[in-house]
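Biologist: Please take me through this one, and start by telling me how you use your terms.

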Amino acid sequence: MIKGKISYCSRKDIMNKTLKFARQYLKMGFSVIPCHPNTKIPIISWNGFKKRYPTDQELIEWFDNNHNNNIGIVTGKLSNLAVIDFDDLNKYRPDKTPTVKTLRGYHLYYNWQDGIRNSSIVKNNETEKIDLRGEGGFV
């Protein structure tokens with residue numbers, strides 16, 4: 001039996017954490033954008049954020065207590081980020097590569113290199129898809 005107090009997070013606490021995470025990603029050098037709740041669909045026209053970072057005021061507008069938006073991380077040169085997106089971790093065992101579990105699969109995070117753009121690879125009669133996000137993309 002687990003002893004101790006049960007603590008619940010309110011909607012406000014979760015949204016405060018979203019703003020906190022967006023600011024942390026920005027401090028790490030990642031350009032971020034807001035996406036509709038529970039989706040990867042951007043809320044804004046985000047082309048400009050491939051070339052510039054959002055301001056703190058923009059982060060507050062997107063991720064403050066009145067919003068439940070997801071955070072999208074812009075890939076490419078500005079964020080120095082390339083991401084491989086796939087579904088089955090058993091087939092791809094990264095060595096010491098930052099790995100993020102997503103709703104449907106996994107993201108492997110790498111430093112961006114000149115020339116890396118977005119692309120998709122389909123294998124095994126279209127049952128296995130691997131996406132690469134580089135310049136011009138986001139996760």
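Modeller: Helices and strands are runs assigned by DSSP, where a helix is H or I over at least four residues and a strand is E over at least two, and both are numbered from the N terminus. The model is predicted, so local features need pLDDT of at least 70 and side-chain atom pairs count only at pLDDT 80 or more, while totals for chains, interfaces and linings use all residues. Residues are numbered from 1 along each chain as its sequence is written, and side-chain values use heavy atoms, with hydrogens and water left out.

Biologist: OK, how many helices and strands are there, and in which order do the elements run?
Modeller: The protein has two helices and seven strands, and from the N terminus the order is α-β-α-β-β-β-β-β-β.

Biologist: And what share of the residues is buried?
Modeller: Of the 139 residues in the protein, 33% are buried, where buried means under 20% relative accessible area, exposed means over 50%, and partly exposed lies in between, with a 1.4 Å probe and protein chains only. The protein exposes about 9600 Å², of which carbon and sulfur atoms supply 52%; these areas come from the Shrake-Rupley method with a 1.4 Å probe, and for residues only the protein chains shown count as cover.

Biologist: What share of the contacts links residues 24 or more positions apart?
Modeller: Taking the contacts in the protein with a separation of 6 or more, 61% are between residues 24 or more positions apart, and a contact means heavy atoms within 4.5 Å.

Biologist: Let me switch to α2, then: which of its residues are buried?
Modeller: In α2, which covers residues 56-63, the buried residues are Glu58, Leu59, Trp62 and Phe63. Viewed down the axis of α2, its buried residues fall within an arc of 105°, so they line one face of the helix; the arc is that of the directions from the helix axis to the C-beta atoms.

Biologist: Where is Trp46, and what does Trp46 touch?
Modeller: Trp46 sits in the loop between β1 and α2 and is buried, with a relative accessible area of 15%. Not counting residues up to four places away in sequence, Trp46 touches Ile33, Val74, Gly136, Gly137 and Phe138. Trp46 and Gly136 are 90 residues apart in sequence, and their C-alpha atoms are 10.0 Å apart in space.

Biologist: What about Asn38, buried or exposed?
Modeller: Asn38 counts as exposed, at 72% relative accessibility, and is found in the loop between β1 (32-35) and α2. Although Asn38 is not a glycine, it has a positive phi of about 60°. Asn80, in the loop between β2 and β3, is not a glycine either and has a positive phi of about 50°; Asn80 is partly exposed, with a relative accessible area of 37%.

Biologist: Moving to the strands, what does Ala82 touch?
Modeller: Ala82 lies in strand β3 and counts as buried at 3% relative accessibility. Leaving out residues up to four places away in sequence, Ala82 touches Leu108, Tyr109, Tyr110, Asn111, Trp112, Ile116 and Arg133.

Biologist: Last topic: how much space lies in the largest pocket, and which residues lie nearest its centre?
Modeller: The largest pocket holds about 850 Å³ of space. It is lined by 24 residues, and Lys40, Thr102, Leu103, His107 and Val139 lie nearest its centre. The elements that give two or more residues to this lining are α1 (11-27), β2 (70-73), β3 (82-86), β4 (99-101), β5 (106-110) and β7 (128-133), and β2 gives the most, with four residues.

Biologist: What counts as a pocket here?
Modeller: On a 1 Å grid over the protein atoms alone, a pocket is an open set of points where a 1.4 Å probe fits, with protein on both sides within 12 Å along at least five of seven lines, and lining residues have an atom within 4 Å of a point. Grid points are joined across faces, edges and corners, and the volume is the space filled by probe spheres set on the points.
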